[in-house]
Amino acid sequence: MEAEGTDLEGPLMTTTALPWDARARDLADRLTKDGVLRDPAWRTALEATPRHVFVPSFYRREPGCWVAVAGTEDWLDTVYSDSAVVTAIARMPNGEQVPISSASEPSLMVRMLETLDIRDGHRVLEVGTGTGYNTALLSRRLGGDHVYSIDIGADLVESARERLATLGHHPTLTVGHGAQGVVGQALFDRILVTCAVPAIPWAWADQLKINGLVLADLEAGSGAGSLVLLRRYPDRLEGRFLPDWASFVPMRDADTAPEPPPRPSRVDEGAICWTDIDPTLPEERVPYFLAHTLIPPVLAMGERDEWITFTARDGSWVEVRREPEADGQRMVCQGGPVRVWDRFLRTHRLWAALGRPGWDRFGLTVTADGYHRVWLDDPDGDFRWTLPPH
Ligand SMILES: C[S@@+](CC[C@H](N)C(=O)[O-])C[C@H]1O[C@@H](n2cnc3c(N)ncnc32)[C@H](O)[C@@H]1O
C-alpha cells in the first residue's frame, strides 16, 4: 500500500554527507547518561548509523491533519533527539488519516536490544521493519547475513531496503505478516517485535532455538499490555514483563489502513457510578491489562470532550470523566452487553490488595495450544490469570 503524503525535498536533504556524526554521538552520550545505553557494541552501532537516512521526513500532528516535516533544522534536530516520530500515514475508509508506521524512540530501541542480550553470531528476526533504522543497528552489530526483518507494508520494506543498501547493509527483508515469522530459515536466537500483538503467535516459538528469546509488546486490548521478554523452553514460552511500560503501533492484518475505531457511545444512555481511580495514570495500565481476563477486548481507548473513552469489541463501553469533582470522585458511565467498568473494578480491588504490583512482578506463559497465562511473581504461584483465546 502506498502511504499518504510525500517526502519533501529541503535544503538539508537526506544525504549521508550531512554533518550528522556529532549529532549521533550526542544522542549516544545522552542515552549513556540516562543509563539506557550500556553495551559499547550498541554504542558503536548507534554512532555509526545516520538516523536521518531512515527518517527522511516525518509527520507532525496539527489540528485536523498531519503535516510532513523534512529537510529543515527542526527535522534534523528531531531525528537526532530521543523522539518517536510518525513516518507513514494512511487514510482509513472513513477518510481520517492514521499513523501506520513510526520510528520508535532510540532509547526504547536500545532498551529492547540490550534486554535481548544479543551477542555476536546471533541470528535475529525483527518483526516491523518500518524505517529500517533498527534493522541498520542490528546489521551494523551482527552483519546483514545474521539479520532478518519483516513488515506488512510493501513500500516500507522497499524504502528500508534502499536505505540500508546505501550504508552497505543487506539483511534479508521480507514483505509479509509478521505473526507468521519468516519461514524457511534456520532457527533464530532472538526475535524482536516492534508492533503490538493481541497474542503471542506460536509460529515465533517454532522459529526460535531452545533458550532463544522473544521480546514483544503484548496488548490484550487497546493500550492494555506492555513489553514482555519470553524464553523458549521445549514446551512453552515464558518470562516477565519489563519494568517500564511501553506501547507500539498495533499489528495490522493487511497492507491497508486499519479500520476506524468504534465510536464511543453516548454518555446519557449508560449506568452511572463514581470512582476515585484516574485511568490515565501509567500504573493503572496493570489492572487494565489484567481486567482483559474478564472483559471483551477494548478496541479503542480514546478521548471525547472531557471524557476518557473505552469501546470493547462486543460494543460494551465506558466513559470516565477526565477531571474529578471537588471530593476527588470522577463520574463513570457504562453501557452495552458487559459492565466493563464493574469487572475492571473487581480486578482493581485484587490488584490493590496485592500492594499494587508493577509490571516487573508479572510474567507470562504461552503454550502451543494458544493459552496465555499471566502470573504474579511465580508461574506456579497463587495468583494466575488466563487471557481468553485470541
Ligand atoms: C513502530 S513501527 C517499526 C519501527 C521500526 N522497527 C524502526 O526501527 O523504525 C511498527 C511497524 O510494524 C509494522 N507492522 C504492522 N503490522 C505488521 C504485521 N502484521 N507484520 C509485520 N509488520 C507489521 C508496521 O507497518 C510498522 O512499520
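A salt bridge is here a side-chain nitrogen of Lys or Arg within 4 Å of a carboxyl oxygen of Asp or Glu. By that rule, the count between domain 1 and domain 2 is 0 salt bridges. This is a predicted model, in which local features need pLDDT of at least 70 and side-chain atom pairs count only at pLDDT 80 or more, while totals for chains, interfaces and linings use all residues. Residues are numbered from 1 along each chain as its sequence is written, and side-chain values use heavy atoms, with hydrogens and water left out.

**The two domains**

The domain assignment, which is automatic or from a database, gives domain 1 as 21-241 and domain 2 as 267-353. Their C-alpha centres lie 32 Å apart. In contact (heavy atoms within 4.5 Å) are 8 residues of domain 1 and 9 residues of domain 2.

Buried area is the accessible area (1.4 Å probe) that two parts lose on being put together, summed over both. For domain 1 and domain 2 it is about 600 Å², with 65% on carbon and sulfur atoms. On the domain 1 side, Ala-220, Ser-222 and Ala-224 lose the most area to domain 2, together 61% of what that side buries.

A polar contact is a pair of N or O atoms within 3.5 Å; within protein, one must be able to donate a hydrogen and the other to accept it, and residues adjacent in sequence count only if both atoms are side-chain atoms. Across the interface, 4 residue pairs are in polar contact, both residues at pLDDT 80 or more.

**The ligand**

Around the ligand (a heavy atom within 4 Å) are 24 residues, of which Ser-101, Thr-131, Asp-151, Gly-178 and Arg-252 come nearest.

| Residue | Polar atom of the residue | Distance |
|---|---|---|
| Arg-252 | side chain | 2.7 Å |
| Ser-102 | backbone | 3.5 Å |
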